[in-house]
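Trainee: Could we go through this model together? I would like to begin with one of its sheets.

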Amino acid sequence: MMQIIRSNAGKFMTILIVGGFLGWMVYGLGMEVTGAGGSRNELGSVNGTPVTTEAFQRRMQELEQQFRSQGNGKITAEQEREIQDRAWDDLVAQILTQQELGRRGIRVTDDEIRYAALNIPAPAYQQQEVFQTNGRFDLAKYRAYLASPQASDEVLSQLEQYYRSVIPESKLQEQISAGVWLSDAQLWRMYRDRTETATVEYVPLELSRLSPGSVQVSDAEIRDWYAAHKDEFKRPRTARFTVAYLPTASGDRERAAVQAHAEQLRAQLAAGGDFAAAARAESSDTGSARQGGNLGTVRRGQMVGAFDSTVFAIPVNEISAPVLTQFGYHLVQVTARGGDTAVVRHILLPIKKSDAELETIDARSDSLERLAQAPGAGSLERAARSVGAVLRQGITVSDNLPYISGVGGAMEALNWAAGEARVAQPGDRPVSDVMEGDQALYLVRLDSYLGKGTQTLAE
């Protein structure tokens, strides 16, 4: 494989490469998350795969080094906790990714590695001045280096290992995103189907005038018609709730703060900051953050609208102004582009409330739960008033529409209602524990429940 990469790379060119820069090319290259061969001191496990102390400490050290490389001073206790959380999340995400790759049978071929090595340089190479012409990455120089003796077997082996790690993850992201990203046309159809209305003029026609004499329908005919059309009378699980919720979604204040931070970060990167290090430290897109923000090669129309438009509009190697999508603000950089494809990396800064605000909301939700579950009629209403929660009555949730406005998806509440309905006594109106929706922390009181089934003829 290494000789194949070299033989296809181009003509010889002597370039002095600073030794060791491949070491930061990609987080986790060759890292043994489970610590095979070392101590089996486990901090936990993910679906049976252990996470060792050695792996956790190694990731902690890497994140601390990244933090200090950005010119930060002494790490505070709060920052230390954040680094610990990030290290744990990274290890869990890496294990889950490897497990999912195995479950889906995703592999990488030699031809894919060869093509990627020659056409999609690793982020570390793109930042090296020796591969740039007039401040921009020069693919010809990079290929010439691969063909030269300067690219030792050890370097080519590291490259091969890099692509064997990155390409399967890119395939996985593509498979997942194929079922997640919706085009503007699809979103419009969904919105139209739910909200479109019409004004209709009509004339009522009395059956007695259309059909002379009286029409008699026997009980037997009714039963026969019902039996032949039973599928039309199937009903989903349906619950009717009283809902109390505390919004957790961000507003204009949080959006403005994140935009200002994105502008500041962009200025730092434009002044020569390390994009890959910033992505690892700040991006909430953990999958690409581990790769220095690298999303690999994307096709036109594959990403959400504003992001996609930016990718195919900004000059190559320039950093975009903050791009707002439903996921937050993105800083986007295109490192190569041709036709309807582009090699992209980004930093995603989510718009969310501060940790302190979320902790306050969490404490209020604990009080809401305790007061709402107290004995006595009207406990939920009193609890909502006491903690300043939004109270809404007569909310219907079904399998066909498991959603509560202001809360988000409510399938958890519907599943809870189904369980309560099996054990509740007549007249009971149980109150749930606090649940987490997309936009709020909430709890519900079950007012009525109708299980999945078929309406009877009598109904």
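Trainee: In what order do the strands of the open sheet with β7 and β8 come?
Mentor: The order is β7-β10-β9-β8, four strands with antiparallel pairing. Strands pair if DSSP finds at least two bridges between them. Helices (H or I, at least four residues) and strands (E, at least two) are DSSP runs, numbered from the N terminus. This is a predicted model: local features need pLDDT of at least 70, side-chain atom pairs count only at pLDDT 80 or more, and totals for chains, interfaces and linings use all residues. Numbering starts from 1 along each chain as its sequence is written, and side-chain values use heavy atoms, without hydrogens and water.

Trainee: How many bridges join β8 to β9?
Mentor: There are 3 bridges between β8 and β9 (residues 328–338), and the two strands run antiparallel. Within this pair, V323 has H330 in β9 as its bridge partner.

Trainee: Which strands does helix α11 touch?
Mentor: Helix α11 (residues 252–270) touches β8, β9 and β10 (341–349), and its direction makes about 35° with that of β9. Contact here means heavy atoms within 4.5 Å. Helix α12 (residues 275–282) also packs on the sheet, touching β9 and β10, at about 50° to the direction of β10.

Trainee: Turning to another sheet, what is the strand order in the one with β6?
Mentor: That open sheet runs β11-β6-β15-β14, again four strands with antiparallel pairing. Its edge strands are β11 (390–398) and β14 (435–436). Between β6 (residues 238–247) and β15 (residues 440–450) there are 10 bridges, and Y245 is partnered by Y442 in β15.

Trainee: Where do α15 and α16 lie?
Mentor: Helix α15 lies across β6 and β15, at about 30° to β15. Helix α16 lies across β6, β11 and β15, at about 20° to β6.

Trainee: At what angle do α15 and α16 pack?
Mentor: Helix α15 (residues 355–372) and helix α16 (residues 379–387) pack at about 155°, with axes 8 Å apart. The two are therefore roughly antiparallel, a term for angles over 145 degrees.

Trainee: Which residues of α15 meet α16?
Mentor: R364, S367, L368, L371 and A372 do, and their counterparts in α16 include S379, L380 and A383.

Conventions:
Axes are lines fitted to C-alpha atoms, for helices over the stretch in contact, and angles run from 0 to 180 degrees between N-to-C directions. Angles under 35 degrees count as roughly parallel, over 145 as roughly antiparallel, 65 to 115 as roughly perpendicular and the rest as oblique.
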